[in-house]
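I opened this model to take notes on its overall make-up and a few local sites. My entries follow in the order I looked things up.

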Amino acid sequence: MQDQSIEQRIKEIYEKLSPTQQKLATCILNHQGDIATYSATELSKLAGVSKSAVTRLLQRLGYRDFGEVKKQVRTARRWGAPVAQKISEGQTLSTLFQDHIKCDQNNIQKTLESIHPESYQTAITWISQAQKVYIIGYRNNYALGLHLRQQLTQCRSNITLLPIPGQTLGEEVASFMKEDIVIVMGIRRRPSWLKNLMGTIKTKGIRLIYITDHADVAPSDISDLHFSCAVRGVSAFDSYASVMNLISMMANSVYQESYNDAHTRIQKIESTYKTLNELDMAALTNGASLDDVDD
């Protein structure tokens, strides 16, 4: 265990932990970016467990004490300031930009390296061949789901983003069919009841793809396929670069999977854009020209 991160150590034994220890472990996973700013007493209060429970879990994970955990976390975050700590006033913008570049590159690499090619190809086939595709997202995940829906709808029809603003999901879930596919966007911080919703969908025998974050525990228990994205940012807020990259990859893969139909659909969409005069075509043309210019 000595070379493993706290995240890896927790996931390795999570199923063997008691309910109290699982509660604490989940809290640590959700706050590993800023855990170095807490004391053991503060962590116990945050998780709603006793300080002795913190000590017992850390020992089971192979740490001598909480100080060793904080040291490991600080080391793991070499590319940026710990969450919730003020960045040094002497830091230059150039350094800040490089920190963000390095962080996003690292997150994208970790995300792609964690994906099994067979699972990815299965997801693309399901999305391409499903009768209808439903995308569900709450909070920030709604925006991510909207972008995924916008990309996929270029390639195929019957893509629906849920929930409809101001509406409940019961009416929609009742309409799901086994020929459909559901994609749930579950990047932290997701609603506490989201997995109950996913369980309900699973009981209907509907295929479910779950896009979540690297700290989510046992995502395979409530989905047919899952993709975990590294989203830890350099400071207070998560970065969604890896999620957006995955969305772009999936949309392009669906396009290639259904190339002839997708290409025909895109041509129709482009023609409709021109008819309705919805887009600034001059700007798009200029942008395409710039894309062709080598760096």
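**Ground rule.** I count a contact when heavy atoms lie within 4.5 Å. I keep in mind that this is a predicted model.

**Asp216.** I then checked the side chains. Those of Asp216 and Arg190 are joined by a polar contact of 3.3 Å. Next I placed Asp216 in the fold. It sits in the loop between strand 4 (207–213) and strand 5 (225–229). Is Asp216 buried or exposed? Its relative accessibility is 2%, and the cut-off for buried is under 20%, so I logged Asp216 as buried.

**Tyr138.** I moved to another loop residue. Tyr138 lies between strand 1 (133–137) and helix 8 (140–152). I left aside its neighbours within four places in sequence. That gave me contacts with Pro163, Leu169, Pro191, Trp193 and Leu194. I also took one distance, C-alpha to C-alpha.

**Helix 2 and helix 3.** I looked up how this pair packs. Helix 2 covers residues 19–30 and helix 3 covers residues 40–47. Their axes come within 9 Å. They cross at roughly 110°. Angles of 65 to 115 degrees count as roughly perpendicular, so I noted the two helices that way. Which residues make the contact? From helix 2 I listed Lys23, Leu24, Cys27 and Ile28. From helix 3 I listed Leu43, Leu46 and Ala47. I sorted the residues of this contact by class. Six are nonpolar, one is charged and none is polar.

**Whole chain.** How many helices and strands does the protein chain have? I noted 13 helices and five strands. The chain has 295 residues, and 42% of them count as buried. Residues 24 or more positions apart account for 68% of them.

**Confidence.** I checked the scores last. The protein chain averages a pLDDT of 87. At least 70 is reached by 88% of the residues. Where does pLDDT stay under 50? I marked residues 78–85. The model has 20 contacts for this stretch beyond four places in sequence. I put a caution beside that entry. Where pLDDT is low, the predicted coordinates should not be read in detail.

Technical notes
Residues are numbered from 1 along each chain as its sequence is written. This is a predicted model: local features need pLDDT of at least 70, side-chain atom pairs count only at pLDDT 80 or more; totals for chains, interfaces and linings use all residues. Side-chain values use heavy atoms; hydrogens and water are left out. pLDDT is the predictor's confidence in each residue, from 0 to 100. Axes are lines fitted to C-alpha atoms, for helices over the stretch in contact, and angles run from 0 to 180 degrees between N-to-C directions. Helices (H or I, at least four residues) and strands (E, at least two) are DSSP runs, numbered from the N terminus. Angles under 35 degrees count as roughly parallel, over 145 as roughly antiparallel, 65 to 115 as roughly perpendicular and the rest as oblique. Ala, Val, Leu, Ile, Met, Phe, Trp, Tyr, Cys and Pro count as nonpolar, Asp, Glu, Lys and Arg as charged, and the others, Gly among them, as polar. Buried means under 20% relative accessible area, exposed over 50%, partly exposed in between (1.4 Å probe, protein chains only). A polar contact is a pair of N or O atoms within 3.5 Å; within protein, one must be able to donate a hydrogen and the other to accept it, and residues adjacent in sequence count only if both atoms are side-chain atoms.
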